[in-house]
Amino acid sequence: MIRWSEIRQYPSAIVGLAIIFGFILLALYAVITIPYSEALERWRGGEAVVENNPRNARPTWVNWFNQENLPPTLILDSRELPETAISYTTISDDIEEKVITMSFDYEYASFVPELTFFIEADFIEKQPFVEIFWVTPNGEEIRAGEVTPGGQEIYRPTQDDRVMRRVEANSAEVGFFLDPSLAEPTPQKGTYQVRLVGLIFEEESDFEAKLVMYGAVHGIAGTDHLRRDISVALLWGTPIAMAFGLVAALVITAANMIIAATSVWYGGWVDSAIQRVTDVNLILPGLPLLILIGTLYSRSIWVILGMVIALNIFGGGVKTYRSIFLQTRELPYIEAAQAYGAGSRRIIFRYLIPRVIPLVIPALVTSVPAFVFTEATLALLGLGDPVLPTWGKVIENARSQGALFNGYYYWMLEPAVLMMLVGVGFSLVGFALDRIFNPKLREI
Amino acid sequence: MLKVDDLHVWYELKRFGLGHAGYVRAVDGVSFELNAGEAMACVGESGCGKSSLMKTILRLNKPTKGTIDFKGINVGELDGLDLRDYRSKVGFIQQDPFGALAPFMTIQQILEEPLIINGFTNAAERQSKIETIMEEVKLTPVEEILPKFPHMLSGGQQQRVVIARAMILEPDLLVADEPVSMLDASVRVEILKLLRNLQEKHNLAVIYITHDLSTVRYFSEYIFVMYAGQIVEFAPIKSLLENPTHPYTQALLEASGDPDAKNALEYKEIPPGEPPSLVNPPSGCRFHPRCKFAIKGKCDVDMPKPMPVVDGSNMAITGNKHVAACWLVEEEWKERAGLTN
Ligand SMILES: Nc1ncnc2c1ncn2[C@@H]1O[C@H](COP(=O)(O)OP(=O)(O)O)[C@@H](O)[C@H]1O
Ligand SMILES: [Mg+2]
């Protein structure tokens, strides 16, 4: 029915198909690389997210456009260091000294936005005592803090007054990196060393440390106010958006078509009844109803999808398709089918509906983005799915956090660009299909 | 076998889709009989109700009044499985072959549909029926044509598919509504000969509708002429062509330019004026406003009944089968009575 050679004549359709294909690949990639439960966990903002992700970091690609060369997140963990970086010295009978030496290169032109130590200690009665030393590339050593970790200790030098008195800056993040030879506050480039010297007072006792220097950039999409990686929502939002759009478009189109064909074929009171129901449905305020359902019943995207479908089953499509079927009904082949005994149901499904499919498929394809936008609209109104990562949720978060005023334009831009691409891709293909299926319309 | 009695088919006209605004009297009191294996032609200009009459015989319309009797079954009352059963005994060939075939179905699907619908559950049996009928209507090579879509065939081939589909359920009666009027002149004769062959081979009763008298001789024994929803003349084909009696029939023969119409030269003028309104038909004889022989005070007042015609050459009754609904016939009888008196 439709040949590649025909599509090839529409370069716009090729572009559209490429976009749709890209989204399909993206959806598959998301589903395969991030299992559903993991996606939910990462979007919920679990422990790993809070510990390792920066807050409101920009996407890595912003570095391509400015000279600042923003640092990504750097994590140093004593559990992952080579043996040589750790040494034990016995000081007395029951005191042992553990020294962890972690070093890293810093080649970035701006400061680390946030710096935190996570120190985990194992002990029975006496906690270890850990001193932290920060050695800058020019050899200066800063005492970066003393910690007596009780189990899991989170230590932020910036919040430690004693440390802050030792550095000439408003924050440890600046103070630890500051190049004293320059007037402008600029980080020193080179190799830094972080030494943790711990005294262990029990035989079985030990401690491990992790230093997280949260990046100013993170991943391909950045992070949000809850430290969640936005790319998770963008990736997983793709299959969700596709499923939402395609299911809604397919079910609504099929239902509209069947109802319209039934209406036309039976005529009489059936037709009148269907037309009245459609009229009433068309004046029903859809959005307020959705808000009502979302508020009182459930904000699950599948409930909302069901509602969107329910509200559109007797939608405008019924009127459009009815006017088409009124013409189709009069075609001689329908009369012929009746003459050889075809029943009403067969005529509706085998003779009326297939005839209008060429008209309907382009419209169906073109309508997919509208439903994707519907999801986003509902999310903006606070009816986004509470657990699923969706594009609409990203936009809603960005809006409520004043992303645009705070310079987090990418937060709003990324989902918006994806949605625009969905719109462009499906429209281009829909228009081309319309020209291929319905060549007569070309002249109009 | 088929007996149509005082059949009326009226379409209701609605004002603004609601209020009643009268009826289109597409068929208004038609009676005729058709025996098994007989072919009958029906002629008349377009809009005179030929298709309405046929659709009612096929029970695509319900009769408004009157009865259609097919082998003792009252066709007007049929529904459900009985109706399907009846329809399987009546084949239908339409005017526009391309329109009569679903454009999205292959020839295979098109021919299979009637069989599936009528309970042929065995696929092999269906296939053999399809192949047999295709050979019969000369749609060959079969394997090449089956997977094609209608638009890939020529008009003549499309009409052969339509004929094959009408024949595939082995009907007793075939209704052909202007089967060749939309075909190229070059294939018309072939298609008509095919229909004639099928009719003879299967002992089919056929009603062949046309508005063109020049094609009727190819097959029918009898012919009736319709005007404004009524039969104005009924005759064996030879008798009608030799002795057209109703002024309207004469005008039709004139227009068709049939070389066999002996009287063709006598009546040069095609009746002026339009076919009458079927909503408010003229009183009396419906043809009187266009008839140059109309008798004032008679033709425009009383509706003529069909009566046997007087044979122009020997004044004998033409086997009593040639009837015309025209007051002139009565005048002629009276004149003859006067002469013999
Ligand atoms: N479904 C219908 N509703 C109303 N009027 C109809 C309908 N079908 C046919 N007619 C009218 O009935 C008259 C006879 O039509 P038809 O039977 O198609 O004539 P023919 O086949 O001789 O050309 C025409 O005036 C036509 O407009
Ligand atoms: Mg007709």
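The paragraphs below take up the interface, then parts of chain A, then parts of chain B.

The model is a predicted one, and local features are described only where pLDDT is at least 70. At the interface, 14 residues of chain A are in contact with 21 residues of chain B. Together the two chains bury about 1,600 Å² between them, and 61% of that area lies on carbon and sulfur atoms. On the side of chain A, the residues that lose the most area to chain B are Glu335(A), Ala339(A) and Tyr340(A), which together account for 36% of what that side buries.

The polar part of the interface can be described by counts and by one specific pair. Between chain A and chain B there are three salt bridges, and nine residue pairs are in polar contact, counting pairs in which both residues have pLDDT 80 or more. One salt bridge links Glu113(B) with Arg350(A), and the closest N and O atoms of this pair are 2.8 Å apart. Which helices of chain A each supply at least two residues of the side that touches chain B? They are helix 12, spanning 332-339, and helix 13, spanning 344-383. Helix 12 of chain A gives the most to that side, with six residues. By residue class, the side of chain A that touches chain B divides into eight nonpolar, two polar and four charged residues.

Within chain A, a strand pair comes next. Strand 5 (residues 129-135) and strand 6 of chain A run antiparallel and are joined by six bridges, and in this pairing Ile132(A) stands opposite Gly145(A) of strand 6. The two strands form a hairpin with five residues between them, where Gly139(A) takes a positive phi near 95°. Strand 6 itself covers residues 141-147 of chain A, and five of its seven residues are buried, so this strand is largely enclosed by the rest of the structure.

Helix 14 of chain A, residues 391-400, is likewise described by its burial: eight of its ten residues are buried, and the helix is mostly covered. The buried residues of helix 14 are Trp391(A), Gly392(A), Lys393(A), Val394(A), Ile395(A), Glu396(A), Asn397(A) and Ala398(A). What covers them includes helix 2 (11-33), helix 3 (36-44), helix 7 (230-266), helix 13 and helix 15 (409-437) of chain A.

Ser205(A) sits in the loop between strand 8 (190-200) and strand 9 (206-214) of chain A. Is Ser205(A) buried or exposed? At 6% relative accessibility, Ser205(A) counts as buried, because the cut-off for that class is under 20%. The side chain of Ser205(A) reaches the backbone oxygen of Asp122(A) at 2.7 Å. Beyond residues up to four places away in sequence, Ser205(A) touches Asp122(A), Phe123(A), Lys126(A), Pro128(A) and Ile200(A).

In chain B, Asp28(B) belongs to strand 2, residues 19-34, and is buried, with a relative accessible area of 7%. The side chains of Asp28(B) and Trp10(B) are joined by a polar contact of 3.0 Å. Leaving aside neighbours within four places in sequence, the residues in contact with Asp28(B) are Leu7(B), His8(B), Trp10(B), Gly229(B), Gln230(B) and Arg286(B).

Arg59(B), which is not a glycine, has a positive phi near 60°, and its place is in the loop between helix 1 (50-57) and strand 4 (65-70) of chain B. Asn203(B), also not a glycine, has a positive phi of about 50°, and is found in the loop between helix 8 (185-202) and strand 8 (205-210) of chain B. As for accessibility, Arg59(B) counts as buried at 10%, whereas Asn203(B) is exposed, with a relative accessible area of 52%. Finally, a cis peptide bond with omega of about -5° joins Thr140(B) and Pro141(B), and Pro141(B) lies in the loop between helix 5 (123-136) and helix 6 (142-145) of chain B.

Definitions and conventions:
Residues are numbered from 1 along each chain as its sequence is written. Chains are lettered from A and ligands numbered from 1 in the order in which they are written. Side-chain values use heavy atoms; hydrogens and water are left out. Contact means heavy atoms within 4.5 Å. Buried area is the accessible area (1.4 Å probe) that two parts lose on being put together, summed over both. A salt bridge is a side-chain nitrogen of Lys or Arg within 4 Å of a carboxyl oxygen of Asp or Glu. A polar contact is a pair of N or O atoms within 3.5 Å; within protein, one must be able to donate a hydrogen and the other to accept it, and residues adjacent in sequence count only if both atoms are side-chain atoms. Helices (H or I, at least four residues) and strands (E, at least two) are DSSP runs, numbered from the N terminus. Ala, Val, Leu, Ile, Met, Phe, Trp, Tyr, Cys and Pro count as nonpolar, Asp, Glu, Lys and Arg as charged, and the others, Gly among them, as polar. Buried means under 20% relative accessible area, exposed over 50%, partly exposed in between (1.4 Å probe, protein chains only). Two strands pair if DSSP finds at least two bridges between them.
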